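This briefing describes the strands, the salt bridges and the surface of one protein model. Please keep the sequence and the structure in view while reading.

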Amino acid sequence: MPDSVLVSGGADGYMRLWSVHVMALLVEMHVCESPTDGLQHVVAEGSATILAFGDSAGRISVWDVSTLPQSWPNNAEMAARQEGVPLLPASVVRPLYAWRAHSHAITRLAYMTGIEGLISASSDCTVRMWTL
């Protein structure tokens, strides 16, 4: 993922990728299983090609963002775009894994380099380790 991308997740369950360079929404997609669940935490692995999200229902989802373009539209293309519409199709983000990790909301995720895994903490008072 390019350095100029900001990742956000919200209570609406949507993951959004923003271009800091052109100050525009790149990708927007709902990543929670249920429409009533919200995203609680997001983490990227070291090379920023994998994103993991923890949600309010205790689920973890892992996404591949390695196909994001490394360059952005020029000023003329930006002026012609429709405001609020993502610049890229959702297909540039691919789901890899999703599972129920905890019985309550995920409160923290950490990526473990070297073993390709995640550590998750939850409001159910558990901490778990996962290999990808």
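In which sense do strands β8 and β9 pair, and over how many bridges? Strand β8 (residues 106-112) and strand β9 pair in the antiparallel sense, over six bridges. The model is a predicted one, in which local features need pLDDT of at least 70 and side-chain atom pairs count only at pLDDT 80 or more, while totals for chains, interfaces and linings use all residues. Residues are numbered from 1 along each chain as its sequence is written, and side-chain values use heavy atoms, with hydrogens and water left out.

**Terms for strands and pairing**

- Strands (E, at least two residues) and helices (H or I, at least four) are DSSP runs, numbered from the N terminus.
- Two strands are said to pair if DSSP finds at least two bridges between them.
- Strands of a sheet pair through backbone hydrogen bonds, either parallel or antiparallel.

- Four residues lie between β8 and β9, which form a hairpin. In its turn, G114 has a positive phi of about 95°.
- Strand β9 also pairs with strand β10 (residues 127-131), in the antiparallel sense and over five bridges. The bridge partner of G117 in β10 is T131.
- β9 and β10 likewise form a hairpin with four residues between them. C125, in the turn, has a positive phi of about 70°.
- Strand β9 (residues 117-122) is largely enclosed by the rest of the structure, because five of its six residues are buried. Buried means under 20% relative accessible area, exposed means over 50%, and partly exposed lies in between (1.4 Å probe, protein chains only).

**The four-strand sheet**

- An open sheet of four strands has the order β4-β5-β6-β7, and its pairing is antiparallel.
- The edge strands are β4 (39-44) and β7 (94-100), each of which pairs on one side only.
- From one strand to the next, the twist averages 20°. For such angles, axes are lines fitted to C-alpha atoms (for helices over the stretch in contact), and the angles run from 0 to 180 degrees between N-to-C directions.
- β4 and strand β5 (residues 50-55) run antiparallel and are joined by five bridges. The bridge partner of L39 in β5 is D55.

**Salt bridges**

- The count comes to six salt bridges, a salt bridge being a side-chain nitrogen of Lys or Arg within 4 Å of a carboxyl oxygen of Asp or Glu.
- D37 and R59 meet through their side chains in a salt bridge (2.1 Å, N to O). This pair links distant parts of the chain: D37 is in the loop between β3 (24-30) and β4, and R59 is in strand β6 (residues 59-64), 22 residues apart.
- D37 counts as buried at 10% relative accessibility, and R59 counts as buried at 14%.
- R59 also forms a salt bridge with D55, with the closest N and O atoms 3.5 Å apart. Both R59 and D55 are buried.
- A network of salt bridges links E33, D37, D55 and R59.
- R16 forms a salt bridge with D12, the closest N and O atoms being 2.8 Å apart. R16 is buried, with a relative accessible area of 18%, whereas D12 is partly exposed at 34%.

**Cysteines**

- The count of disulfides comes to zero, a disulfide being a pair of cysteine sulfur atoms within 2.5 Å.
- C32 counts as buried at 8% relative accessibility, whereas C125 counts as exposed at 76%.

- I115, I119, V127 and M129 make a nonpolar surface patch of about 390 Å². Patches are made of residues with over 30% relative accessible area and no salt bridge; like charges are joined within 9 Å and nonpolar side chains (Val, Leu, Ile, Met, Phe, Trp, Tyr) within 5 Å.
- Accessible areas come from the Shrake-Rupley method with a 1.4 Å probe, and for residues only the protein chains shown count as cover.
- M129 is found in strand β10 and is exposed, with a relative accessible area of 57%.
- S34 lies in the loop between β3 and β4 and counts as partly exposed at 22% relative accessibility.
- S34 and G13 are 21 residues apart in sequence and 8.3 Å apart in space, C-alpha to C-alpha.
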